[in-house]
Structure formats: structure tokens, C-alpha cells
Amino acid sequence: MAITKVADLVKPEIFLPYVQQETAVKSRLIQSGILVPDAQLDLVLLGGGNTFNEPSFRDLPDDDDNVSSDNEAVLATPSKVSTSKEIQVRLSRNKSWSSMDLAGDLAGADPMSAVIKRVGNYKNRRLQSTFIAVVKGLLADNAASPTGTDTHTQNDMTVDISGSSYSDGVTNLSAEAVIDAKLTMGDSMDELGLISVHSIVYGRMQKNNLIDMIPDSQGVYNIPVFNGMIVIVDDSMPASSGVFESWLFGRGSFRFGQGWPKVPLESDRVAAAGNGAGMETLHHRWEWIIHPAGCAYVGTAPSGGPGNTAASNDLANAGSWSRVWPERKQVHIARLITREV
């Protein structure tokens, strides 16, 4: 007797509708108030040029004043006014996505619709990656010996307690170590109102009871605060082999300009692709300036601007940046390096 069993049947595969995955990568650094939109930088992006020079007058130096005399032969020697020149660099970026029409037809969902919904989030993550590259380059310059017009004293923005191996209570983050990093700003230490840390470092802060939770103005969200500084937790912070960097910022320590090329958004079709099935490509183009106040981009920018790497002339390279404001306290950035494991 022949019996029809499960193995004899064709079992249909049932698919639920496509859902949108969302990356867990955060963009908290650029949403924290460190990066401040600047209309002047938006304006310069409307014109030409890879770099933009912004001169400024330095404050009057604290020279000794003159003691007055009634001797007409004694002539006063006048002092001079000095200047600085910040240099901003244009970052021309773009990204394209494409999809075969047949792929969408067979999937029952349009891949290009998913792209359109998530492109804003993608650009936010890329903005944060670019911001981090700028900070890395600026700190790398600070760790190097000053050259040319660079006004910094070597490593005057960094406190490094990481040592060569882990020692609990010595190499890991503590309230004393954070205060030492703030003290690189001297009596302007209170200008540093934010501290950005990796989640591992934040865990250490919690274990040491260093965090206060303060309600926001609506009383619906608790903001982590340490020693009067808002704490930004983001795993994009530099970390390697148990060594972590924590960055301290003043609000507005970075200026942000945004511009648009001739055609910011464009879609094109290749009707013959896929043997006539068709293909669609979506192009996004944008321009940014991410500028640390008091500094200058001194690399040689390619036509599209520097990339995010540490290669020569790129944003994370020490030789791409120079601190041009004369006082350490004028540049509201500090770094603490710890070893947590």
C-alpha cells in the first residue's frame, strides 16, 4: 500500500515581508553640542576653493606697562598687534547605491526604498567618523613636536596614565585622572563641559560611583553627569588592546559647515542592464567643513578634500593640522588615556 508522507510533498517556503534592520552604531558625539553649525562656513562652501583662510587679531599681550616720565627725551616704544590664521578645508563626499529591477521584483520589496529611508542615518554615522578623524589628527599633531606656525607645547592637551600593563587603581579611569586632564586647561578647566567615553570606561565610572543622573528639562530623560560634565557614551571612541581614550570638550569647540554640490541628489536608470530587465542607481553628494576652533588644516588637500585615514594629508594625520591660537586655554579639548583591562 502506498501512503503519501510528508517527504513526498512539496513544502512551500513562506517569507514574511522584509523588515528594516537598523545598525546599533551610535552617533552621539555629533549630537552632543560639540559640533556647532556655523553659517559663515556654510557661506564659504557656496564659493570655490579647497581651503579657506580666516584671519583673526590676537588679544593684546600682557606686556609691562610704561611708567610715565616728564623727560621729553624718553620715548615710549609701541607694541604691535599680532594675528592668527585659521584654515578650513572642504570635504566633498558622495555615495551611490544601485539595484536591479528584477531583484526587487523577485524579493517583493524595493531595495531603493530602503536606501531612501536610511540614507540620513548613514550620513550621520559618516559625519561622526569624519569628526573622529579630525580629532585624532589634531591630537596626533599635539603629540608631535611643534613646527612652523604651530603654537602648541608637545602633549599639553593629554594626560596618559595607561602605563605598560594594567594596574587596578593606577592605570584605569578615576576622578583624579579626569581632573588632571581638565587641569591641562588651567583656570579655564570649567570650559570643558562634556566628556566622551567608551562604554567600557563608562562602566568603570559607574562601578566607582562617579556618575550622577540629572533629569533633562522635561524631566523624562536622565542625563549622566560627572564632575559637572555631561557624559557621552559612544563605542566609536578609540580603543585598542585594553587602552582607551576619553575626550573632553567645550561646547562649540568644533565648527560645522554644510554645503551642496551642483546636483546633490540624482537617480539614473540603465534600461539595458540585466539583458533589458533594468537597473536603478541613486547618487547622494554633499560637502562639509569640520573645523576645530583655533586650528588650521595645513596639509595639501586633493581636489575632493582629505579622507578620514592617517595617511599623508588626510584628516587623522598629525601633519595635516596646526594649532594657531597662541594659548592652550583657547582650544577647548583635552584627552585622557587609560588602561582598563
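The largest pocket has a volume of about 310 Å³. A pocket here is an open set of points on a 1 Å grid over the protein atoms alone, where a 1.4 Å probe fits, with protein on both sides within 12 Å along at least five of seven lines. Its volume is the space filled by probe spheres set on the points, joined across faces, edges and corners. The lining numbers 13 residues (an atom within 4 Å of a point). Nearest the centre lie Arg28, Tyr221, Pro224, Val231 and Ile232. Two elements, β8 (222-226) and β9 (229-233), each give two or more residues. The largest share, four residues, is from β9. Strands are DSSP runs of E, at least two residues; helices are H or I, at least four.

This is a predicted model: local features need pLDDT of at least 70, side-chain atom pairs count only at 80 or more, and totals for chains, interfaces and linings use all residues. Residues are numbered from 1 along each chain as its sequence is written, and side-chain values use heavy atoms, without hydrogens and water.

Confidence, or pLDDT, runs from 0 to 100 for each residue. The protein chain averages 88. It stays under 50 over residues 1-6 and over residues 8-16. Where pLDDT is low, the predicted coordinates should not be read in detail.

Notes
pLDDT = per-residue confidence, 0-100. Contact = heavy atoms within 4.5 Å.
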